[in-house]
Amino acid sequence: MTLRIDRRNILKLGSGGALALSMPRIALAQATKTIRAVMHAPLRISDPMFSTAWTARNHGYNIYDTLFSTDSQFQIKPQMVESFETSADRLVWTFQLRSGLKFHDGAPVTSADVLPSLARWSKRDSMGQKLMEFVVEMTAVDERTFRIKLNQPCGFLLQALGKPNSSVPFIMPARIAATPADQAVTDYIGSGPFHFVTAEFKPGTKAVYERNPDYVSRNEPSDGMSGGRVVKVGRYEWISMPDLQTAANALMGNEIDYLEMPPHDLLPALSKAPGVELTDYNPLGYVGTCRMNWLAPPFDKLEIRQAVLHALNQQDWLDAQIGNPDYYEITPAMFIAGTPFASNSGWSTKADVALAKDLLKKGGYKGEQIVIPNATDVPILNALGTVTAQALQAIGMNVTLVPMDWGSVLARRAKQDPPTQGGWSLFHSGWAATDMMNPLGNAYINAKGKNGGSFGWAEDAAIEKLRDDFARTGILSDQKKISDDIQKRAYEVVTYIPTGQYKNPAANRKSLQGILKAPVPLFWNIDKVG
Amino acid sequence: MLSFLWKRLLATIPVLLVVTAVAFVLLRLSGGDPAAILAGDSGTPETIAAIRMRLGLDRPLIVQFVQWCWQLLHGDLGNSILSNQLVTSMIAARVEPTLVISLSTILLSMLIGVPLGVLAAWKRGSWIDRMTMSVSIVGFALPGFALGYLWIYVFSVKLGALPVQGYVNLADGLLPFLSHIVLPTLTLSVVQIALIARVTRTSLLEILSDDFVRTARAKGLPERIVLFRHALKNAAVPIASVVGIGVAFLIGGVIVTESVFNLPGLGRLTVESVLARDYPVIQGIIIVFSGVYVVINLLVDLSYTVFDPRIRY
């Protein structure tokens, strides 16, 4: 073939050449863009299956990929999985991975990596543990196909594999997934959209991620956690700043680009700062909990637990904790307002002091000491302890608020000793709303008592029966009915009390565009312009 | 002198041993459990017990202590419970900012504090003296974090002249390096300047009333020579002591200042490790800090021989 030299061909060659020359520049511009983000806490433990810390989960989303993911409407969508099918009796599920998936070391992602990853995850995660009660075997059919056989139909298989919050079933190379579940991995190879720059990792100070050029993104647009995961910057630096006032100043001074969780009292100043905007990226937000110890008197008695429920007013907690009603929602929904299983059954959210005093009398309260370990180093939890103590004192309970740091609360809540001998009566904690949005993932609905229940060790056979029913059915309307029954029963026996739902928008420079709405701060799809 | 050095170095061994034992026991008695932190919200008593066993925290305290001392004798500070990194590497990675800020603070404090104290003593009772003493009282009273925020508001937020936070290595350029250490140094220096100025003034006033100073003046020596060559040299011993004590104060101050200015130093590592009950890291830091104290005390003692030839070891 010969190319005639005329004006038209010269123009074609010229424009093609210009485009070709500009491509490296576009790639270079992308590669030199860095997002500097101050997250709510520094990264210390970097194994998202070993640790339930949000930091470990966020790190996991950067460097690992998931089989399924949750979209903005809480629907489960395939992520690494290309296609899947189930047998007519819903006992055999066959999944095929997308082609071309690679780990950061260049090795292909295969079924042989998926199976040990799921096995390791299921040892640490409550939904994973529940799922394994249904699983007969998991087998690799070929490099890209694997099969899960169940002993009975399971209604939450996909919800478990696509769960957005800790612990997320991330897929690791088989050799890394072979690490015992009670040991943290030390090799950070994943197949996610970023790779971890180990050489620059300073635990507690800085973690650095770079775009994974080999990542095969889905073609669909990003939607919540699902869809395409296109990285538009070259580097993302996770900087730790213990002082949030300094972090806010750094954001206003353009020294950082993103502040994940500014305290609510700094939001007015940040919203007015030039070049800064607030982004409500997490539509469900967070929820606080008040949990009683069922093993220790007086909370081993039903009426006393009910007295506490009716002594408390959710708005008092939220006013003390958040202050601004624009950022909180009063709701009794144990499975989170705004989700498919939201329900208003079981509790009015308002105090009824007369009823509470009456229940206290019926329960035969003898002035036993109520010990509340209170985390004074976490302001948002400290407020909850103070409000609860006042409310319980108002109905005549003998309350001792024990100030300590969060690390001490974590140690104390694990103790089953009597409250006056190093144990506890009641404590508060905070959760990502998505942790609580179904009866299997919500740890405080678990009513297995001392045999597998969460701190507080609530025990109720009726709830456990309903949870099993929920796990078996795959029909949404049935699941909604069952979850409503569970909530009613949970309030009846008082497994825990939600202290209210609240949002905490991020603050970012306006130059960041494309921040996704999702229950987790995600750094794909974000471009840095200007 | 050499035998003194040997004796002092040998004396550090029991000091470090006692510090190590006290730190070890206090940490275990302070409440909190790294296994409970690691187990997280889905942890059960069984999970926590398994993690405790893997970390060796279920063994008797004395066994854990002996094991740690054995590691220490081999130069091994162990691994972080949380990140699994070597404690020595973690400490090494955090030493530079703390060292730089401490040295710059001591240098600035001496450069300002000593002349201020000399001036106040020389002009005793004058407005300079009264002003120096008043300012030093304010310097003592102001908490470091409040000063830090004040400097950030004025120099970074309002004037935009200096960065709000962070640390830049000297290798990345002299100007960025200096611009990042100015505000933390200023914050830490205020108390040190106040302390050094007051001690210099008091010490110098005592010397200035001595007979040899009167004689020097009577012989017609210029006031500059009397003050700096004769009086200040004799007043230097208490000043050197106070600078040594100042370093101890500095380590406490650095913890707060590193948080306010987001400096990735040893102070922040201490706080983070304490909150996370990362025992090996806390123990490692305590050993390092104790070693630093011992060395500084030794240097201060040795400096006395320079200022006062009558002192012999």
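Visitor: What's the mean pLDDT of chain A?
Guide: The mean is 92, and 94% of the residues in chain A reach 70 or more; pLDDT is the predictor's confidence in each residue, from 0 to 100. This is a predicted model, where local features need pLDDT of at least 70, side-chain atom pairs count only at pLDDT 80 or more, and totals for chains, interfaces and linings use all residues. Residues are numbered from 1 along each chain, and side-chain values use heavy atoms, without hydrogens and water.

Visitor: Where in chain A is the pLDDT under 50?
Guide: Residues 1-5 of chain A stay under 50, with four contacts beyond four places in sequence; contact means heavy atoms within 4.5 Å. Residues 13-21 of chain A are below 50 too, with one contact beyond near neighbours in sequence. Where pLDDT is low, the predicted coordinates should not be read in detail.

Visitor: Switching topic: how much area do chain A and chain B bury between them?
Guide: About 3,300 Å², 53% of it on carbon and sulfur atoms. That's accessible area (1.4 Å probe) lost on putting the two together, summed over both. Chain A gives 39 residues to the contact and chain B gives 40.

Visitor: Which residues form a salt bridge there?
Guide: D405(A) pairs with R277(B), their closest N and O atoms 2.8 Å apart. The rule is a side-chain nitrogen of Lys or Arg within 4 Å of a carboxyl oxygen of Asp or Glu.

Visitor: And N262(B), buried or exposed?
Guide: N262(B) is buried, at 5% relative accessible area; the cut-offs are under 20% for buried, over 50% for exposed, and partly exposed in between (1.4 Å probe, protein chains only).

Visitor: What does N262(B) touch?
Guide: Its neighbours include I239(A), M241(A) and R268(B).

Note on methods: Chains lettered and ligands numbered in written order.
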